[in-house]
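Please keep the sequence and the 3D view at hand while reading.

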Amino acid sequence: MEGPVLVEAREGWRKITLNRPDKLNAFTIELHRALAAALDEAAADEGCRAVLLTGAGRGFCAGQDLGAIGNEAAGVRDLLTEHYNPLIRRIRALPKPIVCAVNGIAAGAGANVALACDIVLAARRAKFIQAFAKIALVPDSGGTWFLPRLVGEARARALALTGEAVSAEQAERWGMIWRAVDDDALLNEAEKLVAHLATQPTAALALIKRALDASADNTLDAQLDLEAELQKQASGMPDYAEGVTAFTEKRPARFTGRA
Ligand code: T3D
């Protein structure tokens with residue numbers, strides 16, 4: 001029987017699919033555990049240089065499985081500290097790019113898991129819903145951190161307080177996601193992007209992620225220092241030499257992705 005998460009290894013990258021389509025891929029503890037294992041394996045595998053996260057069926061993820069709460073030992077607070085918060089930290093700390101293909105509705109924690117990914121593509125039919133207030137909860141899984149940074153304070157407050165749905169096209173216009181894509185084209189576009197990223201200088205991309213993550217809390221001075229430190233690391237890596245050589249030889253670079 002298929003599990004709650006499907007993992008497909010492709011050339012240089014992995015596709016991870018949330019797989020509870022009859023419940024719009026809502027999170028149970030079993031799904032959390034399987035997703036954590038899939039991300040840890042992708043992080044540890046040197047041959048995997050990029051990750052695609054998507055959902056099976058018509059939805060991406062409807063957040064916490066509200067039907068399962070009573071059956072699962074953990075209370076709300078424990079679910080966050082034991083599962084959702086580690087998931088968001090895993091995604092942000094992944095030392096390779098993670099692209100999210102939001103194939104349909106992304107609600108509650110499902111919306112914020114998508115926003116935690118490095119590049120978000122969404123099918124035009126997809127919607128992002130901060131559904132929390134509708135059940136008297138607070139946006140979690142980083143929602144109160146990502147939203148104001150991505151769409152600004154005014155929109156973040158209205159979205160969190162009303163739980164109003166945002167279409168994929170609106171999300172693109174607001175800068176909440178990278179791009180809205182025709183429904184039928186989503187997977188193909190996302191796979192092309194991930195396959196491209198898998199040929200790029202992975203270790204340098206991991207440093208770029210670190211720099212961008214740090215910028216939210218740094219002063220300009222601190223960020224300039226961090227850039228200098230990370231650039232020193234990047235310029236000591238073999239892919240930098242290859243990038244420059246390829247440029248001067250007017251040919252495509254052949255990056256190894258290694259540090
Ligand atoms: O402990 C904690 O709660 C802490 C952690 C919190 C993190 C969170 O994510 S809290 C927020 C939880 N999520 C929600 O509140 C969203 C609930 N779902 C909805 O509002 C709607 O289902 C959607 C707007 C997402 C989609 O609506 P629609 O009309 O397209 O689909 P539907 O008919 O409502 O759902 C289809 C099926 O999925 C349905 O099952 P059924 O009746 O066909 O057997 C529905 O019950 C199921 N489903 C959808 N969302 C959930 C769910 N089942 C369990 N949990 C869900 N979250």
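## The largest cavity

The residues that line the largest cavity are Ala111, Leu115, Phe128, Ile129, Gln130, Leu147, Leu159, Glu164, Val166 and Met176. Two elements, helix 3 (109-116) and strand 8 (127-129), each give two or more residues to this lining. The model examined here is a predicted one.

By class, eight residues of the cavity lining are nonpolar, one is polar and one is charged. The space in the largest cavity amounts to about 50 Å³, and the structure holds one cavity of 30 Å³ or more.

## The largest pocket

A volume of about 670 Å³ is found for the largest pocket. Its lining comprises 22 residues, of which Arg92, Cys117, Asp118, Ile119 and Leu212 are the closest to the centre of the pocket. Strand 7 (119-123), helix 4 (143-151) and helix 8 (202-215) are the elements that give two or more residues to the lining.

Helix 8 gives the most to the lining of the largest pocket, contributing five residues. In terms of class, this lining has 16 nonpolar residues, five charged residues and one polar residue.

Asn19 is placed in the loop between strand 2 (13-18) and helix 1 (29-44). The relative accessible area of Asn19 is 14%, and this residue is therefore buried.

The side chain of Asn19 reaches the backbone oxygen of Gly3 at 2.9 Å. With neighbours within four places in sequence left aside, Asn19 is in contact with Glu2, Gly3, Pro4, Val5, Leu6, Asn25 and Ala56.

Terms used. Residues are numbered from 1 along each chain as its sequence is written. This is a predicted model: local features need pLDDT of at least 70, side-chain atom pairs count only at pLDDT 80 or more; totals for chains, interfaces and linings use all residues. Side-chain values use heavy atoms; hydrogens and water are left out. Helices (H or I, at least four residues) and strands (E, at least two) are DSSP runs, numbered from the N terminus. Buried means under 20% relative accessible area, exposed over 50%, partly exposed in between (1.4 Å probe, protein chains only). A polar contact is a pair of N or O atoms within 3.5 Å; within protein, one must be able to donate a hydrogen and the other to accept it, and residues adjacent in sequence count only if both atoms are side-chain atoms. Contact means heavy atoms within 4.5 Å. On a 1 Å grid over the protein atoms alone, a cavity is a set of points where a 1.4 Å probe fits but cannot get out, and a pocket is an open set with protein on both sides within 12 Å along at least five of seven lines; lining residues have an atom within 4 Å of a point. Grid points are joined across faces, edges and corners, and a volume is the space filled by probe spheres set on the points. Ala, Val, Leu, Ile, Met, Phe, Trp, Tyr, Cys and Pro count as nonpolar, Asp, Glu, Lys and Arg as charged, and the others, Gly among them, as polar.
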